[in-house]
Amino acid sequence: MKELVVISGKGGTGKTSIAAAFASLASKAVIADCDVDAADLHLVLEPAIKEESDFSGGREAAIIPDRCTACGKCAEMCRFDAITLDGPANEGVGKTYVVDPLSCEGCKVCVEFCPADAISFEPAVNGKWFVSDTRFGPMVHAKLGIAEENSGKLVTLIRKKAKELAEQENKELLLCDGSPGTGCPVIASIVGADLVLIVTEPTLSGRHDLERVARLTANFGIKALICINKADINPEMCDIIESEARQNGLKVVGRIPYDEAFTKAQIMKATLTEYTSGATGGKLKAMWREIIYELG
Amino acid sequence: MKIAVASGKGGTGKTTIATNLAVSLSRNGRNVRYLDCDAEEPNGHIFLKPEITKAEDVTVGVPEVDQEACSGCGRCGDLCQYGAITCVKGKVLLFEQLCHSCGGCMAICPEGAIAEKQRKIGTAESGHSNGMFFSHGLLDTGAIQTPALIKHVKKGIVEDEMNILDVPPGTSCPVIEAVKDADFVLLATEPTPFGLNDLVLAVGMVRRLDKSFGVAINRCDIGDQEVLRYCREEDIEVLFQIPNDRKIAEAYSRGEMMVDALPEYEKKFLQLNDKIENMVKTDEE
């Protein structure tokens with residue numbers, strides 16, 4: 001079983017639309033949406049949920065107001081400025097300390113050092129993850145709670161479950177939609193993958209973000225290919241991107257023209273290749289064949 | 001005043017709006033500070049072409065163990081929630097890149113055998129662009145503590161001036177760090193199913209943070225009416241709309257400011273700012 005991850009560096013380059021098109025072109029694949037922070041793939045693939053589980057990425061400190069003596073040790077030791085003297089009064093003190101869950105990183109330092117044993121440390125539910133069926137095969141995806149942390153851990157979990165599912169069902173490919181950026185969730189989605197496709201666009205921003213994300217894939221020793229979407233917006237920039245890529249040993253496997261079909265297909269809840277059999281559809285199919293060849 | 005320009009979905013015009021709003025205000029006599037908090041993929045410099053006058057390493061504290069003094073008790077590893085320090089057969093092993101710099105291991109070590117050293121996670125650069133303060137963060141390849149770098153960039157905020165924060169896409173920890181002190185959050189989106197789905201998530205985030213906010217719709221004439229319908233139902237102000245215009249896309253691709261390619265937009269960005277300042281004032285009252 002091989003694993004392909006579609007990422008982008010810069011957001012809004014068409015990564016998810018292209019990943020969805022691949023889902024409809026692949027045979028015998030398990031699909032994973034690793035863009036847990038802003039998951040969109042389900043809008044096109046319309047998964048029917050078969051299993052649903054809570055995701056807990058860590059624990060969360062909470063001060064028990066009745067026990068707090070307002071000594072201030074917790075606030076003094078918290079490195080995340082997550083604890084303030086804004087809690088309710090109790091029998092002993094006029095104000096108690098309180099943890100802001102949005103700033104708390106679950107380090108347990110306050111719990112450990114509280115002399116009054118007044119801080120609880122329970123697992124936090126940060127989101128949900130699902131195993132579903134789609135018209136193109138099984139899909140593992142998630143919904144991270146609003147303003148929740150631990151997206152990297154959730155990505156790792158999704159990939160692990162998708163891999164297990166692929167092995168159980170004898171699938172040949174794991175197709176992952178990754179997240180934009182270069183930080184923790186992106187690293188979690190590419191580590192150990194067989195191949196990464198970076199979707200970029202011919203703009204200075206696209207070129208700059210491609211350079212940064214290609215450094216990341218190289219750093220982790222992962223083979224990467226490039227797709228330039230909206231290629232006709234600036235053909236000169238396409239040439240620059242392609243020549244810079246070649247110098248870094250990266251291959252451009254597709255130039256996809258700017259096509260309203262990207263938006264129209266979304267609205268119809270269809271993949272690009274389901275929606276259009278025009279030039280874009282043909283280019284996507286040709287790119288897919290090349291990716292399969294490169295996957296080996 | 002601090003205006004954060006954010007979005008659930010990437011590529012919806014955050015940087016375009018943030019840089020053009022900043023330049024429009026600056027050209028009209030305001031003291032503006034542009035702070036690019038998208039430390040994983042910063043792009044503001046491409047359009048503002050700043051002269052960088054200062055570059056600083058941004059570091060985070062990580063443990064350093066004096067193996068001689070260590071008794072191998074393992075209390076550091078028991079406390080660490082991130083798997084960054086662990087004790088195997090009386091020997092302490094470190095995984096620096098997983099460390100969140102909470103300081104727990106140093107505080108709990110009964111032998112005082114753990115000191116703190118600094119590990120570089122990125123660079124913060126600052127300077128000027130046509131009389132406007134500019135700063136951005138550049139996360140090192142493979143580093144994960146984006147929020148710590150954003151915190152550093154935010155030190156460039158001056159309360160009495162107009163601070164425009166360019167926020168990373170999404171709704172998770174780096175985004176929270178970038179928007180949590182803002183007076184107003186402008187959420188950029190596009191009128192498509194993906195744009196709407198991610199806007200709903202971003203609205204959930206700013207509501208949880210109890211922020212005053214409004215929406216900007218980019219490429220407002222592609223797609224459908226669902227974003228407008230959602231905003232109407234949720235009583236959310238749509239403050240700005242940019243039509244799909246090949247001229248804008250081409251200027252963007254070359255790193256040109258929208259207010260230079262289409263000068264009529266300068267006035268629109270000033271009007272956008274007036275609306276935002278009015279909303280913040282009303283909210284304060």
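**Basis of the model**

Helices (H or I, at least four residues) and strands (E, at least two) are DSSP runs, numbered from the N terminus. This is a predicted model, in which local features need pLDDT of at least 70 and side-chain atom pairs count only at pLDDT 80 or more, while totals for chains, interfaces and linings use all residues. Residues are numbered from 1 along each chain as its sequence is written, and chains are lettered from A and ligands numbered from 1 in the order in which they are written.

**Positive phi in two loops of chain B**

Most residues other than glycine have a negative phi. Ser101(B), which is not a glycine, has a positive phi of about 60°. Ser101(B) lies in the loop between β5 (91-94) and α4 (104-108) of chain B. With 22 other C-beta atoms within 10 Å, Ser101(B) is buried (20 or more other C-beta atoms within 10 Å of its own; exposed means 12 or fewer, and partly exposed in between, with C-beta atoms placed from the backbone).

Asn130(B) also has a positive phi, near 45°. Asn130(B) sits in the loop between β6 (114-129) and β7 (132-139) of chain B, and is partly exposed, with 13 other C-beta atoms within 10 Å.

**Helix α11 of chain B**

Helix α11 of chain B comprises 20 residues (265-284), which should span 28 Å at 1.5 Å a residue; its end C-alpha atoms are 29 Å apart, which agrees. The expected span is 1.5 Å times one less than the number of residues.

Phe269(B), Leu272(B), Asn273(B) and Ile276(B) are buried in α11(B). They lie on the same side of α11(B), because they cover an arc of only 100° around the axis, taken from the directions from the helix axis to the C-beta atoms. The face turned away from the buried side carries the exposed residues Lys267(B), Asp274(B), Asn278(B), Lys281(B) and Thr282(B). Elements against which the buried residues of α11(B) pack include β1 (2-6), α1 (14-27) and β9 (184-189) of chain B, a contact being two residues with C-beta atoms, placed from the backbone, within 7 Å.

**Crossing of α1 and α11**

The axes of α1(B) and α11(B), lines fitted to C-alpha atoms over the stretch in contact, come within 9 Å and cross at roughly 95°. That makes α1(B) roughly perpendicular to α11(B) (65 to 115 degrees, on a scale from 0 to 180 degrees between N-to-C directions). Among the residues that meet are Leu21(B) and Leu25(B) in α1(B), and Phe269(B) and Leu272(B) in α11(B).

Notes. Parallel < 35°, antiparallel > 145°, perpendicular 65-115°, else oblique.
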